[in-house]
Amino acid sequence: MKKISVILMGCGGVGRQLLQHIVSFRSLHAKMGVHLRVVGVSDSKSLVVPVDVLKEELDDELLSEVCSVKSAGSALTTLGALGKGEYRVFNGSESRRETEGIAQLLGKSTGLVVVDCSASSETVEILTKAVELGCCAVLANKKPLTSTLEHYDKLVLDPRRIRHESTVGAGLPVIASMNRIISSGDPVHSIVGSLSGTLGYVMSELEDGRPLSQVVRAAKTLGYTEPDPRDDLSGMDVARKALILARLLGKRIVMDSIKIESLYPEEMRPGVMTVDDFLQNGIAKLDQNIEDRVKKASSNGCVLRYVCMIEGSSVQVGIREVPKDSPLGRLRGSDNIVEIRSRCYKEQPLVIQGAGAGNDTTAAGVLADIIDMQDLFP
């Protein structure tokens, strides 16, 4: 049985779902000859590890307790009264030092996969250190890969040891498909993608004549948006995904190189206008402009989609008219879609479409990435 040691950073929705998948799929992985050995779980404040990371692991009962505790909004330190296994809890700066210590201990011996399911920009230092120590890295968190080029270069120094499929399309095989195209020597000419489930839903609902303000409020009620919908409407999440794809193509760019269209003006940004004021008063002022753009697109046989576009040296994110009968135009709801054009896929682009959001889908993508690294383990 091949044992893959795993340490998880981030106990939010995706991280908890990943732990549940690991526990639930033990028999499947056993048939594959693989055992995922969880040797650490951390949130923003604490880290839980077994007493001896070389010989022990966090058992499934404790992992289930971690999921329960974090779902209830409690701290990992409250596991003291719940867990039955032998483990230790580290807090604050000790948590980071212990994580790096485990990476140093296991990186060049049994091997270790450091998994980042957080939403933090602060994990990049731990990840680059872990990769330097010979560990593998699996990311659902986009921020480390959209940090400085110096950090990016360190993370991808050995491409065999990093997987980040879930940073772009949750469980969709976007990164894997691009890597195969790139490895074959087939030059990629352009990428166009609708990569936000939230904005995909908003754009497709606008087709039915509903005002933007009504659609966004409904999306928030359905749980499709962040607590502050402007986090989605700013386009920054799509821009991060575009930057990851552009860098994968070898483009040496930073976030400031990307032209980003926000769906709201500066005077409605967070810090200037509260969430409630934006939803009750501000966003309604945007309805007419969007309605006019929807009608103009319709008169041209098109619909509006919020997309990322990568072509040549240009990387842009924003609303574009697309033919109504195209794959992008037919997209409905919160699905994601990516169209890749290359020498081989020139007339008919490679189209990848499906659920591109959700904790379950994203965690499944992370788990697949971990299992994909098994050949690197003894």
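**Briefing: a mixed sheet and its helices**

Strand β5 is joined by four bridges to strand β6 (residues 136-139), and the two run parallel; strands here are DSSP runs of E with at least two residues, helices are DSSP runs of H or I with at least four residues, and both are numbered from the N terminus. This is a predicted model, in which local features need pLDDT of at least 70 and side-chain atom pairs count only at pLDDT 80 or more, while totals for chains, interfaces and linings use all residues. Residues are numbered from 1 along each chain as its sequence is written, and side-chain values use heavy atoms, with hydrogens and water left out.

**The sheet**

- Seven strands form an open sheet of mixed pairing, in the order β4-β3-β2-β1-β5-β6-β7, where two strands count as paired if DSSP finds at least two bridges between them.
- The edge strands, each pairing on one side only, are β4 (87-91) and β7 (162-163).
- Strand β2 (residues 34-42) and strand β3 (residues 46-50) run antiparallel and are joined by two bridges, with S42 standing opposite L47 in β3.

**Strand β5 and its neighbours**

- Strand β1 (residues 2-9) pairs with β5 in the parallel sense over four bridges.
- V114 of β5 has I7 opposite it, and V114 also stands opposite A137 in β6.
- From strand β5 (residues 113-116), V113 and V115 point one way and V114 and D116 the other, and all are buried, meaning under 20% relative accessible area with a 1.4 Å probe and protein chains only.
- In a regular strand the side chains alternate between the two faces of the sheet.

**Helix α5**

- The buried residues of helix α5 (residues 124-132) include V124, I126, L127, T128, A130 and V131.
- Among the elements that cover these buried residues of α5 are β1, α4 (93-107), β5, β6 and α6 (149-155).
- After α5 comes G134, whose phi is positive, near 95°.

**Helices α9 and α10**

- Helix α9 (residues 197-206) packs against helix α10 (residues 212-221) at an angle of about 140°, with the axes 10 Å apart; axes are lines fitted to C-alpha atoms over the stretch in contact, and angles run from 0 to 180 degrees between N-to-C directions.
- The two helices α9 and α10 are therefore oblique to each other, since angles under 35 degrees count as roughly parallel, over 145 as roughly antiparallel, 65 to 115 as roughly perpendicular and the rest as oblique.
- The contact (heavy atoms within 4.5 Å) is made by Y201, V202, E205 and L206 of α9 and by L212, V215, V216, A218 and A219 of α10.

Conventions. Buried means under 20% relative accessible area, exposed over 50%, partly exposed in between (1.4 Å probe, protein chains only).
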